[in-house]
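Colleague: I'm new to reading models like this one. Could you walk me through some of its features?

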Amino acid sequence: MKILITGANGLLGQKLVALLRQQSQVTVVATARGTNRLADLYPDVRFVPLDVTDAVQVRQVLVQEQPTHLIHTAAMTQVDECELNQDACWTQNVTAVEYLASTCAELDIHLIHLSTDFIFNGLVGPLTEEATPDPISHYGASKLAAERIVRATPGLRWAIARTVLVYGTVHGGGRSNIVLWVRDSLRKNQKIKVVSDQWRTPTLAEDLALGCWLLALHSAQGIYHLSGHELLTPYQMAQQVAAFFELDAALLEQVDASTFTQPAKRPPRTGFIIEKAERELGYQPRSFMEGIALLAQQSK
Ligand SMILES: NC(=O)C1=CN([C@@H]2O[C@H](COP(=O)(O)OP(=O)(O)OC[C@H]3O[C@@H](n4cnc5c(N)ncnc54)[C@H](OP(=O)(O)O)[C@@H]3O)[C@@H](O)[C@H]2O)C=CC1
Ligand SMILES: Cc1cn([C@H]2C[C@H](O)[C@@H](COP(=O)(O)OP(=O)(O)O[C@H]3O[C@@H](C)C(=O)[C@@H](O)[C@H]3O)O2)c(=O)[nH]c1=O
């Protein structure tokens, strides 16, 4: 197997590189826009620059590399920025997928495309793969449009991996996440406002990477929900983070999401039912506490 990863500098991309380079039957090709932030950690891994919004480059790299599988993690993931810069969001999250999906179909590359719980409106949850999408943000709309392109591309072998609120350690900077944010704020004795009326099934980045690897290994086709299995509010997550790191939970102020004025709306209740992935792939995510423990060990 030869697996090409887009967005290898990102949180999931980094964990995929770490996992796949250990599989003896896999040749990994890490790609990212700009410089390779993993060069010091994994000098053994082949790196090719790839901006997925550049149609010519997409074609060139895929023709040159001829991977058997492509895991597409690259995206504009800052939900508020997507709301404020809608054209840029569409180019990165939708147009890029048109290029990738059509080229993968042409070259018979199995495409594993990453998607999100934010394609749902958040009125009911946890959700199965069959739930009806109804995005309430531009980010969510862009990710749903990308799913539709993947599904409608003639001749494409594809899987869509949807996930929820991903957390983990990240090397060389990048998007923060709830566990790092809570831990680092409390370590500085900063008070933080944490939402207690949103529900999510938070996902350890390593578990998600393993789920994506299982999809590739089985050349699975269709939609798969890959998240943790505990439905928690951010406030409950923050309490667990405080307890694990023995930090002062009194610094956590419980608030309603309505007290925030954010450019993009967030779905109140999401979370995934992951039975399909457990049954068909043997996907077994860790508990939230186990995820925090792994993150703590890696941060030492
Ligand atoms: N994080 C989360 O909570 C969730 C994520 N997802 C989805 O999972 C996937 C992975 O997310 P995650 O790893 O957490 O996100 P990150 O933001 O950590 O990583 C995304 C990466 O995509 C890269 N990227 C953006 N535009 C381009 C481009 N044009 N060409 C090449 N690379 C580009 C970014 O590059 P740069 O570093 O240069 O900015 C970044 O490294 C995404 O598709 C996201 O939508 C779904 C649900 C939850
Ligand atoms: C900034 C902030 C967030 N939160 C909570 C709300 C939210 O559920 C959680 C994370 O907030 P953020 O604004 O960092 O992230 P957010 O944009 O809500 O995260 C999303 O990212 C995209 C990429 C996805 O696809 C989604 O699955 C989702 O996880 O933390 C607070 O409680 N207080 C705060 O001050």
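This is a predicted model: local features need pLDDT of at least 70, side-chain atom pairs count only at pLDDT 80 or more; totals for chains, interfaces and linings use all residues.

Colleague: How do I read the surroundings of a ligand, and which residues are closest to ligand 1?

Modeller: A residue is near a molecule if its C-beta atom, placed from the backbone, lies within 6 Å of it. Here 29 residues surround ligand 1, and Gly7, Gly10, Leu12, Ala74 and Ala75 are the closest. Two or more shell residues come from each of α1 (11–20), α4 (86–107) and β5 (110–116). The largest share, three residues, belongs to α1. Those labels come from DSSP runs numbered from the N terminus: helices are H or I with at least four residues, strands are E with at least two.

Colleague: What classes of residue make up the shell around ligand 1?

Modeller: For classes, Ala, Val, Leu, Ile, Met, Phe, Trp, Tyr, Cys and Pro count as nonpolar, Asp, Glu, Lys and Arg as charged, and the others, Gly among them, as polar. The shell around ligand 1 has 12 nonpolar, 13 polar and four charged residues.

Colleague: And how many residues surround ligand 2?

Modeller: Ligand 2 has 15 residues around it, with Val79, Thr116, Leu165, Val195 and Pro234 closest. Strand β8 (residues 192–195) gives the largest share of that shell, three residues. Eight of the shell residues are nonpolar, three polar and four charged.

Colleague: Next, helix packing. At what angle do α1 and α7 pack?

Modeller: Axes are lines fitted to C-alpha atoms, for helices over the stretch in contact, and angles run from 0 to 180 degrees between N-to-C directions. For α1 and helix α7 (residues 205–217), the angle is about 60° and the axes are 9 Å apart. That makes α1 oblique to α7; angles under 35 degrees count as roughly parallel, over 145 as roughly antiparallel, 65 to 115 as roughly perpendicular and the rest as oblique.

Colleague: Which hand does the crossing of α1 and α7 have, left or right?

Modeller: A crossing is left-handed if the near helix is turned anticlockwise from the far one by less than a right angle, and right-handed if clockwise. The crossing of α1 and α7 is right-handed. Two residues are in contact if their C-beta atoms, placed from the backbone, lie within 7 Å. On the α1 side, the contacts include Leu12 and Leu16, and on the α7 side, Leu208 and Trp213 are among them. By class, this contact has 11 nonpolar, no polar and two charged residues.

Colleague: What about α8 and α10: where do they meet?

Modeller: Helix α8 (residues 234–244) and helix α10 (residues 288–299) have axes that come within 10 Å and cross at roughly 50°. They are therefore oblique to each other, and α8 passes α10 in a right-handed crossing. Met237, Gln240, Val241 and Phe244 in α8 meet Phe288, Met289, Ile292, Ala293 and Ala296 in α10. That contact has eight nonpolar, one polar and no charged residues.

Colleague: Last one: what should I look for in the backbone?

Modeller: Most residues other than glycine have a negative phi, and most peptide bonds are trans. Here the peptide bond from Gly125 to Pro126 is cis, with omega near 5°. Pro126 sits in the loop between β5 and α5 (138–152). Asn189 has a positive phi, near 60°, and lies in the loop between α6 (178–187) and β8.

Technical notes. Residues are numbered from 1 along each chain as its sequence is written. Chains are lettered from A and ligands numbered from 1 in the order in which they are written.
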